[in-house]
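Work through the exercises below with the model open. Try each task before you read its solution.

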Amino acid sequence: MANANRPSGFSPVRYLNGAAWNGQANVYSIAAAYATELAIGDPVISAGSASASGLPTIALAAATGAVRGVIVGLGRTPNLMGNYANLDTTKRPAAAQSADWFAMVVDDPAVIFEIQEESNGTALAATEVGLNTIPLLGAAGTYLSGWLLRSATGATPATTATLQLRLLGLSQKQDNAFGAYAKWLVKFNVHELGTGTGAAGV
């Protein structure tokens, strides 16, 4: 059976020591003037400043460079991870806002995430587990992130230490197999709160 095409960006699964992810995250701010859409599951970087309340600000990450973490909640106030003006909306709009927004970010470099592979040419294979690679920015869906894992055609996995992601293996589900839209387990290899600039793949 073919893998289901249901992208949702990066979803926290567990820690490197095998413990299940416990739901913990930290609050960050998004500047009112920021004009890029943000969704749950998006990777983010530090924006180099803080809000009036002292919370560090974030911006959408790129496929290169160190990552601060992944958004798991978005809200109009630091105490409410939701848009009280429209409870059906779970994304921060792609336009400047009247006030700062806030995000819950999983910023622990030891967290393992699940992400869906794209369907471009040659898919990733078992021989590439342990290597490093990069993600692909995709358009967000109605509710969640559209980030994907690049296929072997989109970005050849390598041992290069500066590549953003480490491939840890397939997510162990009955409806998941190597090929287009496969769900993979990954760890951020280049992380703002990690040590050094990343580790070489194996």
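Buried means under 20% relative accessible area, exposed means over 50%, and partly exposed lies in between (1.4 Å probe, protein chains only). The model is predicted, so local features need pLDDT of at least 70, side-chain atom pairs count only at pLDDT 80 or more, and totals for chains, interfaces and linings use all residues. Residues are numbered from 1 along each chain as its sequence is written, and side-chain values use heavy atoms, with hydrogens and water left out.

**Exercise 1. Confidence**

Task: State the mean pLDDT of the chain, then find the elements with the lowest and highest mean pLDDT.

Solution: 
- pLDDT is the predictor's confidence in each residue, from 0 to 100.
- The chain has a mean pLDDT of 92, and 99% of its residues reach 70 or more.
- Elements are DSSP runs numbered from the N terminus: helices (H or I, at least four residues) and strands (E, at least two).
- Strand E3 (residues 43-50) has the lowest mean, 91. Strand E7 (residues 111-116) has the highest, 98.

**Exercise 2. Salt bridges**

Task: Find the salt bridges in the whole structure and place each partner.

Solution: 
- Apply the criterion: a side-chain nitrogen of Lys or Arg within 4 Å of a carboxyl oxygen of Asp or Glu.
- The search finds 3 salt bridges.
- Take Lys91 and Glu37. Their closest N and O atoms are 3.4 Å apart. Lys91 lies in the loop between strand E5 (69-75) and strand E6 (101-106), and Glu37 in the loop between strand E2 (26-30) and E3, so the pair ties together parts that are 54 residues apart in sequence. Lys91 counts as buried because its relative accessibility is 15%. Glu37, at 29%, counts as partly exposed.
- Take Glu192 and Arg68. The N to O distance of this salt bridge is 3.3 Å. Glu192 sits in the segment after strand E12 (183-188), and Arg68 in the loop between strand E4 (56-60) and E5, 124 residues apart. Glu192 has a relative accessible area of 28%, so it is partly exposed. Arg68 is buried at 18%.
- Take Glu114 and Lys173. Their side chains meet at 2.9 Å, N to O. Glu114 is in strand E7, and Lys173 is in the loop between strand E11 (165-170) and E12, 59 residues apart. Glu114 is buried, with 15% relative accessible area. Lys173 is partly exposed at 39%.

**Exercise 3. The largest pocket**

Task: Give the volume of the largest pocket, then describe its lining.

Solution: 
- On a 1 Å grid over the protein atoms alone, a pocket is an open set of points where a 1.4 Å probe fits, with protein on both sides within 12 Å along at least five of seven lines; lining residues have an atom within 4 Å of a point.
- The volume is about 200 Å³.
- The lining has 14 residues; Lys187, Phe188, Asn189, Gly198 and Ala199 lie nearest the centre.
- E11 and E12 are the elements that give two or more residues to this lining.

**Exercise 4. Two residues compared**

Task: Are Thr57 and Gly54 buried or exposed?

Solution: 
- Thr57 lies in strand E4. Thr57 counts as buried because its relative accessibility is 5%.
- The side chains of Thr57 and Ser49 are joined by a polar contact of 3.0 Å. Such a contact is a pair of N or O atoms within 3.5 Å; within protein, one must be able to donate a hydrogen and the other to accept it, and residues adjacent in sequence count only if both atoms are side-chain atoms.
- Gly54 is in the loop between E3 and E4. Gly54 is exposed, at 51%.

Key
Points joined across faces, edges and corners; volume = space filled by probe spheres on them.
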